[in-house]
12 protein chains.
Amino acid sequence: MANILVVHGPNLNLLGKREPGVYGVVTLDEINEQLRLLAVELGAALRIEQRNGEGEIVDIIQSNADWADAILINPAAYTHTSVAIRDAIAAVGLPAVEVHLSNIHQREPFRHHSYIAPVARGQICGFGVNSYLLGLRAACAYCS
Amino acid sequence: MANILVVHGPNLNLLGKREPGVYGVVTLDEINEQLRLLAVELGAALRIEQRNGEGEIVDIIQSNADWADAILINPAAYTHTSVAIRDAIAAVGLPAVEVHLSNIHQREPFRHHSYIAPVARGQICGFGVNSYLLGLRAACAYCS
Amino acid sequence: MANILVVHGPNLNLLGKREPGVYGVVTLDEINEQLRLLAVELGAALRIEQRNGEGEIVDIIQSNADWADAILINPAAYTHTSVAIRDAIAAVGLPAVEVHLSNIHQREPFRHHSYIAPVARGQICGFGVNSYLLGLRAACAYCS
Amino acid sequence: MANILVVHGPNLNLLGKREPGVYGVVTLDEINEQLRLLAVELGAALRIEQRNGEGEIVDIIQSNADWADAILINPAAYTHTSVAIRDAIAAVGLPAVEVHLSNIHQREPFRHHSYIAPVARGQICGFGVNSYLLGLRAACAYCS
Amino acid sequence: MANILVVHGPNLNLLGKREPGVYGVVTLDEINEQLRLLAVELGAALRIEQRNGEGEIVDIIQSNADWADAILINPAAYTHTSVAIRDAIAAVGLPAVEVHLSNIHQREPFRHHSYIAPVARGQICGFGVNSYLLGLRAACAYCS
Amino acid sequence: MANILVVHGPNLNLLGKREPGVYGVVTLDEINEQLRLLAVELGAALRIEQRNGEGEIVDIIQSNADWADAILINPAAYTHTSVAIRDAIAAVGLPAVEVHLSNIHQREPFRHHSYIAPVARGQICGFGVNSYLLGLRAACAYCS
Amino acid sequence: MANILVVHGPNLNLLGKREPGVYGVVTLDEINEQLRLLAVELGAALRIEQRNGEGEIVDIIQSNADWADAILINPAAYTHTSVAIRDAIAAVGLPAVEVHLSNIHQREPFRHHSYIAPVARGQICGFGVNSYLLGLRAACAYCS
Amino acid sequence: MANILVVHGPNLNLLGKREPGVYGVVTLDEINEQLRLLAVELGAALRIEQRNGEGEIVDIIQSNADWADAILINPAAYTHTSVAIRDAIAAVGLPAVEVHLSNIHQREPFRHHSYIAPVARGQICGFGVNSYLLGLRAACAYCS
Amino acid sequence: MANILVVHGPNLNLLGKREPGVYGVVTLDEINEQLRLLAVELGAALRIEQRNGEGEIVDIIQSNADWADAILINPAAYTHTSVAIRDAIAAVGLPAVEVHLSNIHQREPFRHHSYIAPVARGQICGFGVNSYLLGLRAACAYCS
Amino acid sequence: MANILVVHGPNLNLLGKREPGVYGVVTLDEINEQLRLLAVELGAALRIEQRNGEGEIVDIIQSNADWADAILINPAAYTHTSVAIRDAIAAVGLPAVEVHLSNIHQREPFRHHSYIAPVARGQICGFGVNSYLLGLRAACAYCS
Amino acid sequence: MANILVVHGPNLNLLGKREPGVYGVVTLDEINEQLRLLAVELGAALRIEQRNGEGEIVDIIQSNADWADAILINPAAYTHTSVAIRDAIAAVGLPAVEVHLSNIHQREPFRHHSYIAPVARGQICGFGVNSYLLGLRAACAYCS
Amino acid sequence: MANILVVHGPNLNLLGKREPGVYGVVTLDEINEQLRLLAVELGAALRIEQRNGEGEIVDIIQSNADWADAILINPAAYTHTSVAIRDAIAAVGLPAVEVHLSNIHQREPFRHHSYIAPVARGQICGFGVNSYLLGLRAACAYCS
C-alpha cells in the first residue's frame, strides 16, 4: 500500500470561497474528497496538509519523510521563490510530483519559472482539479 | 465606518530602537498612535498587526478578510520576495495601499521592484511616518 | 466517443531502438499500444502520427482539425523552436495537451522554454511513458 | 507660507477631453481647482504649469527655482525617458514629489522605471486625482 | 567573554541523517559539539538555534540582539532569497559571519548570489564542518 | 512586364475558415483574387504559392529564382525562426517585400523580431489585406 | 473627403540637401509635392508639418486632432526614444500610419525598436519616397 | 573501410551558381568530387545528401544510422535554429564533425551560436572547401 | 580662420549658480570667457549657444551648418537619450568634438553610454573646464 | 609535514605602503611573518611568492607542483580575469584555498565573480589578515 | 618553403605530465615531434614556442612577424580573455589558424567564446593531437 | 616642474610599421618626439615606457610611483580586460589620464567598455596623435 503525502501551499485554503473568477468554485475540501476517492481505488493512504508558511511546509516534509513513499505537492506561490522547500524535497529523497491548477505558462512571467521542478520527478499543470488526480496516479506509480 | 487592517512587515518592530541612522527615532508604537488618532478623525476602526513571518502575514490577511474594508500594508523586506503575500491580497479582493517609510527607489536595486504593487491600488513611499498617514487617508477613500 | 489526435514529434520513432541510456528501452510502438489499450478503457478513438518535419506536423494538425475533439502532442525538439506548430494549434482551436517523456526542467536551459505551452490547456512532463497515459486521460476530459 | 511649483507633463492637458477610458473624465482644470482648495487649507501658494516639451519643463523648473520651496510634478511620458528633467530637479536642489494618476507598476514594462524617482523625495501613484492631493500634503511637509 | 549567537538555517537539522552523499555523515549535534569545544578554548559563550522558517530566524536574531556580541550564521537556502534576514542583521548592527558547508560557487547558479554577504563582515564556504570552526574564530575576533 | 512570386507561409491556408476572431473572415483565395486584379492593373504576372514547411518555402524561392523579378512574401510564423528562408532570399538576390496582415509589434514579444526584414527591401504590416496590395505595389516598383 | 495630417520628424528638413549618401537626393518639398499629387487622386486633404522638437510634434498632433481623420507620421529619431509622441497618438485616438524612408531593421540595433508602432495601425519602411505614398494609401483606407 | 555520411544543409545546392560574392565560385558538385577523391585516398565510402528541409535532414540521419560509421555535416542555416537535428545526431550516437565554409565567428551574432557543436566531436570553420576536406580526415579518424 | 560652433546642453546655464558641490563654482559665462581667450590665441571664431530643449539644439546645429567648420558640444543629459541630436550631427557632416565636465564613467550606469560618441571624432571627459579648452584645441585641428 | 605554496597576486606588494584607506596599514612582510609563525604551530613549511604578472603566477604554480601539498592563493585582480591561473590550478591537481582581504561581495559588481573559485576547495574573504591565517589552517587540513 | 610559427599557450607544457584525465597522455614534445614530421612532408619550416605569459606571446608574434608566413596557435586560456594577442595577430597581418585539443563548445560556457577566432582564418577543435596536424595542413595552404 | 610617466600598452610599438590601414603611418618614436617637444613647452619631464605584458605595466606604474606626479596612459588592449592595471593606478593614487588614438566607441562592442576609466581623472579618444598631446596638457594641469 502506497503512502502519499499531499501538500497544499499558501492561499489554497481559500479555493472556492473567494474570487471564483480566479480560483474557481471548487473548495479545497472537495479536492481532498476527490483525492481520497481515487486513493481508495488506487490502494493508497493519504496524509493531506495545507500551510501558508514556507518553514511550516519544510517542517511537514521533514516530519513525514519516514512515513511517506511519495509526495504530491502544489507549492503555489512558493513554486517561484522557495529554495528551502526545494532543498527539503531533495534532502528527504522521496519521489515528488509537482501540480498546478492553472497553466502557469499563461500567467505572469515570474510564474513561468519553478524552483521545485528540477527536484521533482515531473510536473503537471493546467487541468484544474484534474491536475491533482493525474498527479496522484503519477505519484502512486513510484510506490510499487 | 471604515474597517482598516494595518499590517507591518518584518523588522518594523525595531523602529526607533536600533540603528536610528537607518530607521529613524520614531517607534512602531508611536506610528500606531498617530494612525489611531487620524483614524478617529477619519471615522475608521483599525486592527494593527506586526509579523516577521511571511506565512503569518498571509494568515492575518486571510483571517481578517471578512472584517476589513481595506488593507494598509508596509510589507518591508517581503515587498521584494513574496509572491505568497501578493496572492493573498489578490485572493481576498480588498483594496490595498502599500506604504514604505523610505524612498525605495534610492536604495539598492533589488528594492526597486515590488511584487505587491501590481495588486495594490497604489503605493506611497519616502515620507517617513507621513507615508502611513497619507496611506490611511488613501485607504479610507475606498471605504464609503 | 472522443476522437483524439496523437502527434509524436521528431526523432521519437527512434525510441527504444538506439541510445537506451537517453531514450529508454520502450519503443514508440509499445507506447502506442499502451495508448490504444487505455483508449479502449476510456472510450476514445485515436489517430496516431509521427513526423520529423515541422511543416508536416502543421499539415497533420490542419487535416485532422474537423475529425479530432482534442490533440495529445509531444512536440519533442520543436517544443523549443516552432512558432508554426504553435500557430497551427491556436488556429484549429482544439484543446491540446502537451506531454514530454523527460523532465525538461532538468535538461539544458534551452529546453526549459516551450512555445507550445501557452496555447495548450496544460503540460505534463517527467513521467516517462506515463506522461502519455496521464495526458490521454487529461485530453479525454475535454471531450464530453 | 509654502510656495509650491506644480508641473504637469506632456498630454495631461487632454485629461477628461479625449479617451475617457484611459484618462478618466476629470479635466486638468478640475484637478488644479482641487489643488488650489487644498492649498488654501494648508496655507500654500501654488504656481501651476503644463508643458508638452522636455526643454520647456526644464526651463520652468529653473525659472521658478528661487520662488519655490518644493516641486509637485507629474512627469507623464518623460518619467521614463528624460535625464534632462532629472538633472534639472537635482540641480535646483528643491524637494520634489513625483505623482502619477495611474499605478505605473500595472502598465507596460517600460513605464515601471522612473528616471525621476531617485532624485525625488518620494513617489505616489495609483490613486487618481488623490495622488495629486496626497502629493501636495507631502510637498508642504518639506516647507516649514 | 564573547557571546556568540549561532544560527542554522532550514534543513540543516537533517545533516548526517539523510542523503549522506549530499550532506555528509556528520550530524548537526556533532557540529554543535565541536563548536562548543572550540568556544571553551576561545573563551566564548554560545547560543545555538536551528529553524526552518524565515520569520523565525528573524525573531531569533532580534531577541538575542542585546545578549550577543556577534552572529555566526549559515542561512542555507535563505542565503539566496531572504531580504528579511538581511534586514534583521543590518538592523541589530552586530558583526555577522556567514558560513556554508559546501562551496556555493560550485553549485547551481542561483546559489552563487547571497543577499546576506553585503551585510556580513565576511563569508567562509567550502570547508565542511571546518567552515563553522573557522567562522567561530573570525566571529570572536570582533568581540574583544 | 513584371514577374512577381507571391509566397504565403504556414497556416495562412486557414484564413477565413477557422478562428475568425484572430484571422478575419477573408479567405486566402479572396486575397489572391484581389492580388490578381491589382496585378492586371499594374501589368504584373503572378505565381502564388502557400506552404507549411520551411524547406518547401526554400525550394519554391530557389526554383522560381530565374523566372521572378521580385518576391512578395508573408513568412508568417517563420518570420521569427527561419534563418534558412532568410539565406534563400539573400542567395537568389531578388528584391523582396515582407508583408504581414496584423501589426506584429502589437502581438507577443517574440513576434517583434524578424529574421527576414534585414534581407528584404522593406516591410509592411498591420493593414490586413491591404498589406498585400500595398506590398504588390512596392514590389512592382523594383521591376521596371 | 479624407483629412490627413502628415508629420515629418527631426532632421527630415535636410533631405536632399546634405549627406546624399545617407538621405538621398530627393528634398522634403519634392516628397510633399508627390504626396499632394496622390492626395488629389485619392480625394484627400493634407496638412503637412515638419518639426525638430519632441514637444512641438505633440502640440501638432493635439491641435489637429479635431480636423484630421488619420495621421501619416515619420517620427525619425523620435521613433526610438519618445513615449510622449506615443501617448499623444494614443490619446487623440486617430488611426496612425508610421513610415520610414530606410529599412530600419538594417541599421543600428537601437533603431530596430519603435515606441510608435504599438499604437499605430501599421508600419511601412524601406521603400524610400514610396514608403510615404504607400502610407498615404493605407491612411486613406481608414477614412471612408 | 569507413562509411561516412555527408550532409549538406539548406541553400548549399546554390553554391557557385548565384551570389558568388557570398558563396564563392565552386559548385556543390565540385566539392563533392573533391570529397570523393580524398575518400578513395583514405579508404572511405561516402553517401552524400543535400536537403533544404529540417525534417528531411533528420530523416537522412536516421535512415543512414546503421550504415554510417561517422557523419560529416554542414548544417548551414539550421546550425543556429535546429534542436531537431541536434537530437537526431545525439540519438543515433555516431561521431559527427561539423564544418562551415565561412568563419561563422566573423558573421552576424546569431550565427556565432551553434546548437550542433555540443553534440559534435569537433568543429572546423573558415577554410572554404578545405573545411570539408579537413573534416573528412577528422571523421575518418573515428572509424578505425 | 576656423569657425567653431559651441553648444551647451540642458541645465548647463546653472553652472556655478546652484549646487556647487555637484556643478562646481565656475559659471557658464566664465567658461565661455576662457573659450574666447583661447580662440583668439588659436585664431578661431566662436558662436556659443546654450539650450534646454532637444529640438532647439537640433535647430542650432542645422542653422549653423553652413557657417561652422567644426562643432564643440557638451550634450549634457541628451548624451544618453537623444537620437535626434546624433542624427543632426551626422546629417550636417561637420567634425564634432564631444566634451563633458565630469568623468561620466564614474557616475550612474545610465550615464556611461553616449549616443553622440559614435558620430563624433572623439570624446574628452573628466577634466572640468579643461575638457572644454582641450576640446577647442581638438576641434581647431580639423579646420585647417 | 605539510608543504604549502603561498601566492600573492598583483599589487599586493603595496600593502601598508600606499593608500592605507583602501589597503590597510599592515604590510605584506608582516602578513608573511604572521603566516610563518602560524605555520610553525601547524607544522607546515611555506614557500611564499608575490608576482604582478599573470604568466609568472602560472609559472610559479607549475614549478612548485611537485613540492607543494596545497596552495594558498590571493589572486587579487586576476581573480576576475584569469582563465590561465584557473587552468594551472586545475592542471597541477593540488587542493587550493582562495583568500581575499576584503569582502569582494561589497565591492564593484565585476569583483563578485571569480574564475578561481570553481577550482578551489573553498574561499575566505573579508577578514583582513585573518583571511590568510584562516586560509592557512584550511589548507593544512588537506595535508594530513 | 613555408615558414610556420607554432605558438602554444599557457599550461600546455604540462600536457601528458599531469592530469591525464583532462589533458591526455601525449606530451607537448610528442606533439611537436609529430608536427615536425608532417612539416617535412609538407615542405614547411617550423619555429615552436610555448609561453605562459600573455605579453610574452605578444612578443613572440611580433618578433617572428618578418620570418613567418603563417601562424599556428593554440591560445589555451588566453583564447577567452586576451584582446592583446588578438591585436598582435591582426597587427602583423599574417594568416593564423587557431587550434584546440578539446571541443571547447562542450566545456564551460566561458570557453565557448574566442577573442582570437575573428582575426584567424579558421578554427579547428576537438580532435586531440589531430587538431594540430589538421591545422598545420590548413596553415601551409596559405603559404604558396 | 611636473614629472609625467607615459605608458604605452601592448602592440603600440608596431605603430607606423605594419598595417598602416589600421594603425596609421606615424611611428611610436615620432609620437614620443612630439610628446617631448610639448613637454619642454609645458615645463614637464617625461619617462616613456612601452610594454606588451600586463604584469610589466603594473611593475612600471609601481616603480615610478614616487617619482611621477601624474600618469599618461594608453592601455590599448588592456583597457578592456585588465583589472590589475586598474588596481595599480588606484593603489599608487596618482592622477591618471587615459588616451586612445581611435574613437573606441566606433569599434567592436567589447572595446566600448574601459576598466581604466573609472580610476582615471578623464579620458580622451579619437584624435589620433593629438589624443596624446591633449592628454599631456591635461596631465600637467594636475601637477602645479
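Analyst: In this predicted model, a contact means heavy atoms within 4.5 Å.

User: How do you know that chain B and chain H do not touch?

Analyst: The nearest C-alpha atoms of chain B and chain H are 30 Å apart. A contact requires heavy atoms within 4.5 Å, and no touch is found between these two chains. Chain A and chain F are likewise without a contact, with their closest C-alpha atoms lying 12 Å apart.

User: Why is it said that chain A and chain C meet through the same surface?

Analyst: The conclusion follows from the interface residues: 100% of those of chain A are also interface residues in chain C, so the copies meet through the same surface.

User: What is the relation between chain H and chain C?

Analyst: Chain H can be superposed on chain C with an RMSD of 0.1 Å by a turn of 119° and a shift of 0.0 Å along the axis. That is the relation of a three-fold axis. Only 11% of the interface residues of chain H are also interface residues in chain C, so these copies meet through different surfaces.

User: Why are strand E2 of chain A and strand E2 of chain C called edge strands?

Analyst: They belong to an open sheet of 10 strands with mixed pairing, in the order E2(A)-E1(A)-E3(A)-E4(A)-E5(A)-E5(C)-E4(C)-E3(C)-E1(C)-E2(C). Each of the two E2 strands (44–50) pairs on one side only. Neighbouring strands of this sheet are turned by 20° against each other on average, direction ignored.

User: What makes strand E1 and strand E3 of chain C a pair?

Analyst: Pairing requires at least two bridges. Five bridges join E1 (residues 2–8) to E3 (residues 70–74) in chain C, and the two strands run parallel; they therefore meet the criterion. C:Val7 has C:Ile73 as its bridge partner in E3(C). Helix H3 (residues 54–63) of chain C lies across E1, E2 and E3 of that chain, running at about 175° to E1(C).

User: Why is helix H4 of chain C called mostly covered?

Analyst: Buried means under 20% relative accessible area, and nine of the 10 residues of H4(C), which spans residues 83–92, are buried. Among them are C:Val83, C:Ile85, C:Arg86 and C:Asp87.

User: What makes C:Ser82 a cap of H4(C)?

Analyst: A side-chain oxygen of C:Ser82 lies 3.4 Å from the backbone nitrogen of C:Ala84 at the N-terminal end of the helix. The limit for a polar contact is 3.5 Å, and the distance of 3.4 Å therefore falls within it. After H4(C) comes C:Gly93, with a positive phi near 70°.

User: How do you know whether L:Leu35 is buried or exposed?

Analyst: The relative accessibility of L:Leu35 is 0%, against a cut-off of under 20% for buried; L:Leu35 therefore counts as buried. L:Leu35 is placed in helix H2 (residues 28–42) of chain L and touches residues including L:Val6, L:Leu72 and L:Tyr132. L:Leu35 and L:Tyr132 are 97 residues apart along the chain, yet their C-alpha atoms are separated by 7.4 Å.

Conventions. Residues are numbered from 1 along each chain as its sequence is written. Chains are lettered from A and ligands numbered from 1 in the order in which they are written. This is a predicted model: local features need pLDDT of at least 70, side-chain atom pairs count only at pLDDT 80 or more; totals for chains, interfaces and linings use all residues. Side-chain values use heavy atoms; hydrogens and water are left out. Copies are superposed by least squares on the C-alpha atoms of residues with pLDDT of at least 70 in both. Helices (H or I, at least four residues) and strands (E, at least two) are DSSP runs, numbered from the N terminus. Axes are lines fitted to C-alpha atoms, for helices over the stretch in contact, and angles run from 0 to 180 degrees between N-to-C directions. Buried means under 20% relative accessible area, exposed over 50%, partly exposed in between (1.4 Å probe, protein chains only). A polar contact is a pair of N or O atoms within 3.5 Å; within protein, one must be able to donate a hydrogen and the other to accept it, and residues adjacent in sequence count only if both atoms are side-chain atoms. Lists of a residue's contacts leave out its neighbours within four places in sequence.
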